[in-house]
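Here are a few friendly notes to read alongside the model. Keep the 3D view open and find each residue as you go.

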Amino acid sequence: MKYEIPGETIPFAAARDLELLTLGRETMQMKNFLALKYAELVYAGRWFDSLLESMDIFMKDITKTITRYVNVKLYKESVIVTGRESQNSLYWQDISRRRLIPSVIGLGKTSLLPLE
């Protein structure tokens with residue numbers, strides 16, 4: 001991708017990283033699956049297919065949560081993400097410092113235990 005479209009490498013890497021921060025695993029899997037199908041439809045010239053229009057609506061809907069910024073570092077023809085932030089992040093800073101442990105075995109209840 002670097003040699004064909006070098007100007008697109010940076011925004012693509014930043015957007016992909018922000019998607020990983022804001023979209024759930026199943027949503028990402030479906031997005032990746034539909035991206036391949038979308039490419040097939042476009043390659044076949046089926047621009048006005050109802051399936052293509054439905055995929056457009058899905059993609060626009062899931063990208064509503066992809067907001068804020070990504071810091072990147074450019075080094076020797078590569079893009080390295082050094083930081084990111086989003087108000088729609090699935091990552092919670094306060095929970096990252098704690099771990100879930102089973103408090104009652106067999107009942108599925110959990111409690112938070114500080115690691116500090």
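**Notes on strands, salt bridges and a helix pair**

1. Let's start with K73, which sits in strand β1, the stretch covering residues 69–75. Please keep in mind that you are looking at a predicted model. K73 has a relative accessibility of 47%, so it counts as partly exposed, a class that runs between 20% and 50%.

2. Who are the neighbours of K73? Leaving aside residues up to four places away in sequence, K73 touches S78, V79, I80 and T82.

3. Now turn to the charged pairs. How many salt bridges does the structure hold? The count is eight. One of them joins D17 and R84, whose closest N and O atoms are 2.7 Å apart. D17 belongs to helix α1 and R84 to strand β2 (residues 78–85), so this pair ties together parts that are 67 residues apart in sequence.

4. Are the two partners buried or exposed? D17 counts as buried because its relative accessibility, 14%, is under 20%. R84, at 43%, counts as partly exposed.

5. The side chains of E19 and R16 meet at 3.8 Å, N to O. Both residues lie in helix α1 (residues 6–22), three residues apart, which is about one turn of the helix. E19 is buried, with a relative accessible area of 10%, whereas R16 is partly exposed at 29%.

6. D61 and K64 give you one more example, with their side chains meeting in a salt bridge of 3.6 Å, N to O. D61 is partly exposed, at 46% relative accessible area, while K64 counts as exposed because its 60% is over the 50% cut-off. Elsewhere, salt bridges that share partners link R16, E19 and K31 into one network.

7. Finally, have a look at two helices side by side. Helix α2 (residues 25–43) packs with helix α3 (residues 50–62) at an angle of about 145 degrees, and their axes are 10 Å apart. The crossing of α2 past α3 is left-handed. On the α2 side, the contact residues include M30, K31, L34 and Y38; on the α3 side, L51, M55, F58 and I62 are among them. Sorted by class, this contact of α2 with α3 has 12 nonpolar residues, one polar and three charged.

Technical notes:
Residues are numbered from 1 along each chain as its sequence is written. This is a predicted model: local features need pLDDT of at least 70, side-chain atom pairs count only at pLDDT 80 or more; totals for chains, interfaces and linings use all residues. Side-chain values use heavy atoms; hydrogens and water are left out. Axes are lines fitted to C-alpha atoms, for helices over the stretch in contact, and angles run from 0 to 180 degrees between N-to-C directions. Helices (H or I, at least four residues) and strands (E, at least two) are DSSP runs, numbered from the N terminus. A crossing is left-handed if the near helix is turned anticlockwise from the far one by less than a right angle, and right-handed if clockwise. Contact means heavy atoms within 4.5 Å. Ala, Val, Leu, Ile, Met, Phe, Trp, Tyr, Cys and Pro count as nonpolar, Asp, Glu, Lys and Arg as charged, and the others, Gly among them, as polar. Buried means under 20% relative accessible area, exposed over 50%, partly exposed in between (1.4 Å probe, protein chains only). A salt bridge is a side-chain nitrogen of Lys or Arg within 4 Å of a carboxyl oxygen of Asp or Glu.
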